[in-house]
2 protein chains.
Amino acid sequence: MEQNRVGHYKFVAEPFHVDFTGRLTMGVLGNHLLNCAGFHATERGFGMASLNEANYTWVLSRLAVELEDMPRQYEDFSIQTWVENVYRLFTDRNFAILDKKGNTIGYARSVWAMINMNTRKPADLLSLHGGGITDYICQKECPIDKPSRIKVDDCEPDAVYNAKYSDIDINGHVNSIKYIEHVLDLFPINMYKEKRIKRFEVAYVAESYYGDILSFYKQEINENEFHIEVKKNSGEVVCRSKMIFIN
Amino acid sequence: MEQNRVGHYKFVAEPFHVDFTGRLTMGVLGNHLLNCAGFHATERGFGMASLNEANYTWVLSRLAVELEDMPRQYEDFSIQTWVENVYRLFTDRNFAILDKKGNTIGYARSVWAMINMNTRKPADLLSLHGGGITDYICQKECPIDKPSRIKVDDCEPDAVYNAKYSDIDINGHVNSIKYIEHVLDLFPINMYKEKRIKRFEVAYVAESYYGDILSFYKQEINENEFHIEVKKNSGEVVCRSKMIFIN
């Protein structure tokens with residue numbers, strides 16, 4: 001039973017999904033993690049499709065990824081995912097990232113809410129499906145820190161970006177993965193030559209839309225740690241991110 | 001034997017790979033097509049990995065895609081690919097795109113060269129592997145026009161873009177799929193609300209690199225047809241594209 005609680009999905013690092021170093025990009029890894037969350041939930045009856053019928057949908061609130069390594073071009077890798085906790089308004093879903101040999105090279109933590117698509121109000125996870133989600137809570141270890149609070153003081157934007165066609169998902173929002181890509185693009189390529197990302201965090205605060213002007217504020221905490229805040233138009237925060245590099 | 005010459009690969013339209021209409025984006029379809037080319041070549045002994053060992057690599061020259069429909073979010077679809085012709089310096093590879101029921105919803109044509117990675121000079125495809133590639137030539141029909149010549153007169157750029165970390169592939173070049181995404185982003189979202197892409201073409205002329213300033217020149221031929229030219233820095237053309245919409 002404990003085994004069935006963990007979903008396990010296989011991937012290969014495609015050529016257009018790796019960066020100039022030949023390693024999978026954080027955006028693509030994020031996409032795979034969120035897909036695995038979807039596969040795992042769907043297989044257990046609480047995925048997007050069945051929820052949509054009942055007018056509910058999952059909303060990603062936070063994602064934190066910590067890695068010792070990244071799959072290289074053409075390498076097989078896999079992702080495990082499981083539910084760590086279910087609260088009334090949030091659920092914690094964790095991930096392990098395994099290399100081609102099956103060695104764990106990283107972990108991720110995510111926090112999700114469920115909302116009613118008509119009222120946009122959060123749903124009570126403990127009452128949904130008669131509390132059935134809690135049957136899948138699993139004690140597998142995830143030895144990385146929880147997503148942290150991210151605070152940005154900087155007041156000059158490092159980049160300004162106009163949300164375009166390719167940024168927009170089926171809900172009409174800038175999609176969660178595109179924010180990650182735009183945050184990665186705030187750093188010069190030399191940063192990725194000399195260092196790699198040890199930990200990446202993103203917290204989704206509000207939605208942004210086609211045509212929104214997104215301002216990216218990047219604060220250097222030290223030579224390896226950066227906090228980023230993304231604001232739209234008049235100044236509302238849409239997401240925050242933290243990047244920790246390692247030499 | 002004729003059957004074995006056609007590669008057939010299955011996919012699903014992932015949530016972050018569909019646009020606001022819920023249909024797969026042309027960039028993601030392009031990525032799948034190029035991956036299929038890679039799978040097909042690798043399985044038959046003339047893929048990137050075996051070529052790289054011999055210091056040769058495939059270079060995509062042209063891609064033309066024509067579609068009646070696009071897969072929707074979560075839908076299964078599949079891609080067939082085969083070699084139509086092999087010349088001394090180029091090979092024509094075609095594709096069929098099939099929906100979840102196995103009905104063909106579109107075709108694509110691509111033109112590839114092979115280069116020596118040390119000299120950057122084209123290789124003779126007919127002599128490579130003792131001409132083994134020609135064994136895979138296949139007569140399957142591909143009832144769409146060949147990639148056409150694209151000419152752009154317009155002299156004011158519609159968009160200027162600075163190539164960033166996420167654009168760059170393992171060879172240090174702006175990757176073929178990113179050009180497609182940037183071209184799609186030249187059009188306002190209303191265009192994709194009212195119309196869909198019937199035919200998409202791209203011709204890759206030269207490489208561009210991190211930090212290059214890419215200028216996108218878009219010429220309206222008529223309300224449904226647009227020709228695009230992308231130039232870098234001092235004005236060298238890096239790629240051309242054609243978009244034909246249908247209501």
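This is a predicted model: local features need pLDDT of at least 70, side-chain atom pairs count only at pLDDT 80 or more; totals for chains, interfaces and linings use all residues.
Side chains of opposite charge can pair when their charged atoms come close. Over all chains, the count comes to 28 salt bridges.

In chain A, A:E66 forms a salt bridge with A:R199. The closest N and O atoms of this pair are 2.7 Å apart. The two residues belong to distant parts of the chain: A:E66 sits in strand 2 (residues 56-67), and A:R199 sits in strand 7 (residues 196-204). They are 133 residues apart. A:E66 has 18% relative accessibility and A:R199 has 6%. Buried means under 20%, so both residues count as buried. The pair also belongs to a network of salt bridges, which links A:E66, A:K198, A:R199 and A:E201.

In chain B, a salt bridge joins the side chains of B:E229 and B:R240, at 2.6 Å from N to O. B:E229 lies in strand 9 (residues 225-232) and B:R240 in strand 10 (residues 236-246), so the pair ties together parts that are eleven residues apart in sequence. B:E229 is buried, with a relative accessible area of 8%. B:R240 is partly exposed, at 24%.

Another salt bridge of chain B connects loops. The side chains of B:E75 and B:K100 meet at 3.4 Å, N to O. B:E75 is in the loop between strand 2 (56-67) and strand 3 (76-86). B:K100 is in the loop between strand 4 (91-98) and strand 5 (104-116). The pair links distant parts of the chain, 25 residues apart. B:K100 is exposed, because its relative accessible area of 53% is over 50%.

Conventions. Residues are numbered from 1 along each chain as its sequence is written. Chains are lettered from A and ligands numbered from 1 in the order in which they are written. Side-chain values use heavy atoms; hydrogens and water are left out. A salt bridge is a side-chain nitrogen of Lys or Arg within 4 Å of a carboxyl oxygen of Asp or Glu. Helices (H or I, at least four residues) and strands (E, at least two) are DSSP runs, numbered from the N terminus. Buried means under 20% relative accessible area, exposed over 50%, partly exposed in between (1.4 Å probe, protein chains only).
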